[in-house]
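Thanks for passing this one along. Here are my notes, as numbered points, to read beside the model.

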Amino acid sequence: MMLKTTNEIDIVRVKNSKINEVDFENLAFGNTFTDHMLICDFKEGKWQKPIIKPYEPFLIDPSAKVFHYGQAIFEGMKAYKDDNNDVWLFRPDQNLDRFNKSAVRMAMPEVPEEIFIGGLKTIVDLERNWVKKGVGNTLYIRPFMIAIGSGVIAQPSTQYRFMIILSPALSYYSGEVKVIIAEHYSRAANGGIGAAKAAGNYSAQFYPQKLAQEKGFQQIIWTDDATHTKLEEAGTMNVFFRINDTIFTAPTSERILDGVTRKSLIDIAHRDGIKVEERSVLVSELIAGAKDGSLKEIFGAGTAAVVSPIAGFQFQNDYYELPKIENSIALQLKDKLTKIQYKLAEDTFKWTVKV
């Protein structure tokens, strides 16, 4: 895979790395950050020269439009280290493409490939010692962009800041996941920003998720905003349903995020002869499948957890436990994708990019 990069990045290194202060065996996801961060500003109608500098807070005007009108987008990615100490990215072109689609939807400037990919490869290379070997060890990558232009008039900013920060992470495990199917709250609506990875999409989920957790559920399976009959996403993840030996998942739309993990699992399933259908799955189908035994698995898919099996679901006042199965397609797909990411299996799709 050929991607544009750039050498036009200033680098200011830390005097003393904090890496030796980090307990890599006990990392809380997303709480520890590496020594450096990348910053690139957009002003006067063009992107400035990127700089990589020590990770630190920065000043911003209280009237910055990100605070008042929510112009903020982000991506979630990972870097992996193989047994030869080489560091790899996974499908970064897809994250760039989705990032810029989010930017267009939020009236923000698109980030050029040479800044996004070039900056990404440069900072990950600089921090490669933070990527530890072993399946489950990763470097979580958070590219994001915020509106930094000042003024509280309700219009798009003219100044923006693109940044990349990095966080070492262990294998993501959240224990047994039970979900409740949404009947009132919606994650996104037609014509809205559900397909953009915009900050506001996630903050809007916090309250209904809090209500679900108070009832003993870890996540919500979102339904469509108009009828609440079509199953769409699980928490912040795309969601799959196995009925008999076919995997079903909702098609991407204005409401549903085009997940990189989602599309990768679908491609692996097609390659290996696992039946996949991209179509709307109804709540009534799920309940019928749970009652007659044809519903075998439900699992979420996303960057953090890769695959997150779901133990059961509640709709209205009825709870449905899923069967414990040995031939889990969810875990098979997770294993196959993970082996590609860590270079333990041949990358027949040419998804991995060496740093």
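1. Glu297 is buried, with a relative accessible area of 7%, where buried means under 20% relative accessible area, exposed over 50% and partly exposed in between (1.4 Å probe, protein chains only). Arg242 counts as buried too, at 4% relative accessibility. Glu297 forms a salt bridge with Arg242, and the closest N and O atoms are 3.0 Å apart. A salt bridge here is a side-chain nitrogen of Lys or Arg within 4 Å of a carboxyl oxygen of Asp or Glu. The pair links distant parts of the chain, with Glu297 in strand β17 (residues 295-302) and Arg242 in strand β13 (residues 237-243), 55 residues apart. Helices (H or I, at least four residues) and strands (E, at least two) are DSSP runs, numbered from the N terminus.

2. A word on the source: this is a predicted model, in which local features need pLDDT of at least 70 and side-chain atom pairs count only at pLDDT 80 or more, while totals for chains, interfaces and linings use all residues. Residues are numbered from 1 along each chain as its sequence is written, and side-chain values use heavy atoms, with hydrogens and water left out.

3. How many salt bridges does the structure hold? The count is 21. Side chains of opposite charge can pair when their charged atoms come close. One of these pairs is Lys324 with Glu176, whose closest N and O atoms are 3.5 Å apart. Lys324 sits in the loop between β19 (318-321) and α7 (329-341), and Glu176 in the loop between β9 and β10 (177-181), so the pair ties together parts that are 148 residues apart in sequence. Lys324 is exposed, at 66% relative accessibility, whereas Glu176 is partly exposed, at 44%.

4. Glu285 and Arg279 also meet through their side chains in a salt bridge (2.9 Å, N to O). Glu285 is partly exposed at 26% relative accessibility, and Arg279 is partly exposed with a relative accessible area of 27%. Salt bridges that share partners join Glu176, Lys178 and Lys324 into one network.

5. Now to the inside. The largest nonpolar core has 54 residues, and those with the most contacts inside it are Phe116, Val124, Ile141, Met145 and Phe162. Such a core is a set of buried Ala, Val, Leu, Ile, Met, Phe, Trp, Tyr and Cys residues joined through side-chain atoms within 4.5 Å. Among the elements that give it two or more residues are β2 (36-43), α2 (92-105), α3 (113-126), β8 (138-147) and β9 (160-169). Helix α3 gives the most, with seven residues. A second, separate core of 22 residues includes Ile274, Ala301, Leu333 and Leu337.

6. Helix α3 has 14 residues and should span 20 Å at 1.5 Å a residue; its end C-alpha atoms are 19 Å apart, which agrees. The expected span is 1.5 Å times one less than the number of residues. Buried residues of α3 include Phe116, Leu120, Ile123 and Val124. In α2, the buried residues include Gln94, Arg98, Asn100 and Phe99. Ala107, which follows α2, has a positive phi, near 60°.

7. Which residues lie nearest the centre of the largest pocket? They are Tyr172, Tyr202, Thr236, Met237 and Ala304, out of 33 lining residues. About 840 Å³ of space lies in this pocket, and α4 gives the most to its lining, with six residues. On a 1 Å grid over the protein atoms alone, a pocket is an open set of points with protein on both sides within 12 Å along at least five of seven lines, a cavity is a set where a 1.4 Å probe fits but cannot get out, and lining residues have an atom within 4 Å of a point. Points are joined across faces, edges and corners, and a volume is the space filled by probe spheres set on them.

8. There are five cavities of 30 Å³ or more. The largest cavity has a volume of about 130 Å³, and its 13 lining residues include Tyr80, Phe90, Thr261, Thr303 and Gln341, which lie nearest its centre. Strand β6 supplies the largest share of that lining, three residues.
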